[in-house]
Amino acid sequence: MSLIEKAKSHIMSRRSFLGATATLAAGAAAAVTLPGCGLQKVDSSVAELADKEGEWITAACWHNCGGRCLNKAYVADGVVVRQKTDDTHEDSPDYPQQRGCARGRSHRKMVLGADRLKYPMKRKNWEPGGGKKELRGKDEWVRISWDEALDIVASEIKRIKEKYGNASFFLPPGGSGGDMEPIRLMSAYGGCTTRWGDVSWGAWPVVWQKVTGITTDNGSMAGNDRFRLRDSKLIFLWGANPAQSSQGTPTFNYLQAKKAGAKFILIDPVHSETARVMADEWIPIHPATDTTLVLGMAHHILTNNLLDIDFLDTYCVGFDADHMPDGADPKDNFKDYVLGTFDGTPKTPEWAAKICGVSADKIRQLAQEYATTKPAAIITGGAPARINNGEHFPHAIMTLAFMTGNVGKPGAGVSPNMHNRATNAGPVLVQPGASGLPAIPNPLAKSKINSGEMWNAVFTGKYTASKGVQKNINIQMVWNWFGNTLNQRAGTTRGIEAHRKVEFVLAQNLFLSTDARYSDVVLPVTSQWERLGGLLTGNREILIYFRQIMKPLFEAKSDMWIATELAKRLGINPTKAINPLSEAQMLYNQIAGAKVMKADGTGYEKLVTLTAEDIKELGAKGTPQTGRISYKEFKEKGIYQIPRSRGDKLEFTSFEDFIGDPVGKKLATPSGKFEIYCDSLAKAIEKVGFTTKSPLPKYEPSREGYEDGAKNGYPFQVITLHYYRRSHSTLDNVLWLREAFPQELRINASDAQKLGIKNNDIVKVTSRHGSVIRQAMVTERIMPGVVALGEGAWVEMDEQAGVDKAGCTGILDGHIPTGQGHTGFNSCNVKLEKYNQPLDPDVKWPQRIIF
């Protein structure tokens with residue numbers, strides 16, 4: 001039998017087979033692994049496609065990498081021949097192209113990867129109620145039909161509901177309805193338990209909202225847009241690495257600010273890729289101690305009369321005893337805390353230096369420069385606040401800006417701008433319409449478990465509902481789909497144990513990810529490339545319209561199809577409850593409802609002109625409309641980017657209106673001002689029930705922070721990096737990216753020498769919660785006492801040795817709920833030792849190819 005005939009026998013046409021095996025280099029021979037085939041060479045028909053006339057189609061680049069760039073696929077005869085990125089207009093600083101990164105350009109190697117899940121499957125030793133649950137993650141897989149798979153899932157859902165009730169269904173990816181199909185289904189079936197807790201933004205959300213009164217944002221929209229950044233004279237990038245974690249235009253935008261005269265100071269334990277490009281000065285610092293540096297700077301500013309007293313008096317409460325909110329103790333003010341008036345500990349640069357590792361002289365220099373350079377901006381990533389009980393950091397750094405009056409003026413500001421928000425502060429200028437799919441309220445919406453407690457709750461049968469309130473829970477089914485929750489939340493070690501305890505685990509995925517690997521039944525789903533299309537937002541100036549690139553591979557089905565078929569088996573009318581709108585209608589609704597800001601900045605207008613013929617082509621029902629661009633142009637370009645220029649009406653600096661009119665435009669805080677003393681913040685955190693926080697921005701050492709590790713036998717701190725190789729955990733299986741960006745443990749050269757570790761040696765990293773092994777990358781570009789790993793590696797446990805060979809940071813991070821319930825990825829203590837067993841580079845590991 002020929003290779004093509006074998007492909008056909010596995011329900012693939014010759015065209016889809018070629019599409020699944022063509023390489024990016026047109027004309028190159030491709031390799032494919034299929035059952036019974038081994039490694040084969042595809043014939044010259046792949047090369048022939050390179051010369052065929054095709055079409056450039058905008059392809060979804062849908063992952064949360066921090067960019068969202070234009071990704072186009074050249075499709076000939078139904079086969080993806082090659083990819084390209086934005087060439088819709090000439091590139092310029094004011095009107096930049098939205099260029100794809102290595103991840104976006106590798107999408108074909110993921111979507112068409114040999115390790116795509118092809119068929120529904122179950123564990124060999126699965127039985128109703130779990131079977132040999134201890135074999136989850138180790139068992140063999142058995143191919144089953146869709147009917148059998150759906151019958152198993154529906155039967156287990158019915159059984160578990162009858163025996164334990166709806167609260168026993170745990171859907172950790174979260175959500176409360178909307179267009180998340182599993183949540184929709186379970187909400188229609190009586191409800192389910194979900195997860196809550198901020199991840200990427202760390203402690204910023206509630207701090208920002210309480211201190212400023214802005215409840216619609218987590219601070220990411222604050223600061224300056226890319227044009228106003230050019231007004232800055234000094235920019236602190238504090239724990240921010242946009243060159244690596246905010247793909248697309250942010251670093252290019254920062255370069256324009258640098259060319260305009262801004263000085264860049266980067267504060268980070270790692271001399272990052274951004275530091276290589278931008279930094280005039282790099283300040284290494286111990287993770288989770290940034291607040292001490294802020295307080296040391298504040299002490300210098302305060303004792304050297306560098307304050308902006310008028311700003312503090314007019315716009316803030318809580319700085320000194322004369323400006324405290326009603327009912328607060330006058331002694332409990334920030335000025336006296338910094339001076340040590342009542343606690344006997346002045347927060348001097350010397351005090352700070354002993355903790356944060358930045359010299360006292362350097363702290364004084366930073367404070368002097370920041371206070372005397374106007375306008376100056378402080379821009380942080382999420383990392384410095386992505387620590388246990390870390391609410392003190394955003395509170396303190398905002399206060400530092402208030403002390404110098406560096407808020408509300410073009411080029412000044414303080415904000416956590418990362419991911420697609422880096423250099424893109426301000427209201428969204430172009431946005432999609434809603435799909436029109438009605439939400440289904442979850443009857444158990446209040447049954448939510450914090451990320452830091454969710455796996456322990458499986459064992460204890462309890463979770464924290466609020467301060468002093470413990471509620472009972474009996475989780476017996478875990479349902480995973482997008483998000484790779486087991487891999488990507490702290491406490492992966494405990495999570496694996498939890499997955500092996502419950503009675504049923506279901507996953508739907510493109511690949512055998514960590515979530516899927518530890519499941520009982522796995523359902524193959526389609527990618528965005530195989531679906532009708534949709535709209536994707538990126539930075540505030542763009543909207544992307546992606547379309548279907550290819551037909552679904554093998555037996556993959558959409559998430560909505562799965563929910564619809566399960567609904568039928570559960571006695572739910574899918575047309576009424578789950579899927580009342582067609583995919584075509586939802587796409588039309590998004591396009592028809594898309595809005596763009598008017599050039600004068602006064603409001604929004606329709607983006608897309610739609611004729612009756614356009615609506616017919618979309619296969620939907622609707623009314624013709626007039627917008628800024630035609631549907632044909634939007635479809636062909638695949639992107640709308642709002643034209644910008646210096647001095648336009650769309651430039652943005654947060655709090656300009658409040659600074660201009662503090663009475664008429666007062667903030668929505670109890671005082672109407674910025675709250676340095678913020679009782680509402682302290683009460684909000686106390687109400688959650690995990691830990692407490694002072695109303696002032698006081699330094700409170702993090703659990704498993706810098707001070708905790710050295711005295712408990714874990715002398716190193718590990719920090720997690722957003723990494724070029726993947727978007728969180730997505731794309732980690734792409735061999736191109738594995739080869740280009742190895743999963744290395746960064747370790748300082750002096751530390752490595754003391755431990756007898758050389759470059760490429762295998763190192764065992766152990767925390768209180770688990771161990772991983774990785775090749776060492778010995779470098780001077782990381783602070784002594786700190787090691788770093790890229791987050792998102794797919795767990796590959798060597799259970800006999802008790803180590804994860806992939807270097808998943810979730811294995812090391814603790815399952816610890818603190819503060820407002822955020823996850824403390826960057827407060828984690830570890831110890832290191834040279835590992836004497838060999839470890840092949842993961843690019844050489846066998847792919848997870850099933851059937």
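G790 is placed in strand β35 (residues 786–790); strands here are DSSP runs of E with at least two residues, helices are runs of H or I with at least four, and both are numbered from the N terminus. The model is predicted, so local features need pLDDT of at least 70 and side-chain atom pairs count only at pLDDT 80 or more, while totals for chains, interfaces and linings use all residues. Residues are numbered from 1 along each chain as its sequence is written, and side-chain values use heavy atoms, leaving out hydrogens and water.

**Around G790**
- G790 has 5% relative accessibility, so G790 counts as buried (under 20% relative accessible area; exposed is over 50%, partly exposed in between; 1.4 Å probe, protein chains only).
- Neighbours within four places in sequence aside, G790 is in contact with L721, Y723, R726, Q743, G807 and T809 (contact: heavy atoms within 4.5 Å).
- R726 and G790 are 64 residues apart in sequence, yet their C-alpha atoms are 9.1 Å apart.

**Aromatic pairs**
- Rings of Phe, Tyr and Trp (its six-membered ring) pair if their centres lie within 6.5 Å; planes under 30 degrees apart are stacked, over 60 edge-to-face, and the rest tilted.
- The count by this rule is 27 aromatic pairs.
- One of them joins W238 and F393: it is tilted, with 6.2 Å centre to centre and 55° between the planes.
- This pair links distant parts of the chain, with W238 in strand β10 (residues 234–238) and F393 in helix α17 (residues 392–404), 155 residues apart.
- W238 and F393 are both buried.
- Y723 and F741 have ring centres 6.4 Å apart and planes at 70°, so their pair is edge-to-face.
- Y723 lies in the loop between β31 (716–721) and α30 (735–740), and F741 in the loop between α30 and β32 (744–748), so the pair ties together parts 18 residues apart in sequence.
- Y723 and F741 are buried.
- One aromatic cluster is formed by W204, W208, F311, Y315, F402, F655, F658 and F674.

**Charges over rings**
- K557 lies over the face of W561, 5.0 Å from the ring centre (NZ of Lys or CZ of Arg within 6 Å of the ring centre and within 35 degrees of the ring normal).
- The charged end of K595 sits over the ring of Y604, at 4.9 Å from its centre.

**Helices α12 and α17**
- The axes of α12 (residues 290–303) and α17 come within 9 Å and cross at roughly 20° (lines fitted to C-alpha atoms over the stretch in contact, with angles from 0 to 180 degrees between N-to-C directions).
- That makes α12 roughly parallel to α17 (under 35 degrees; over 145 is roughly antiparallel, 65 to 115 roughly perpendicular, the rest oblique).
- Residues making the contact include V294 and M297 of α12 and F393 and L400 of α17.
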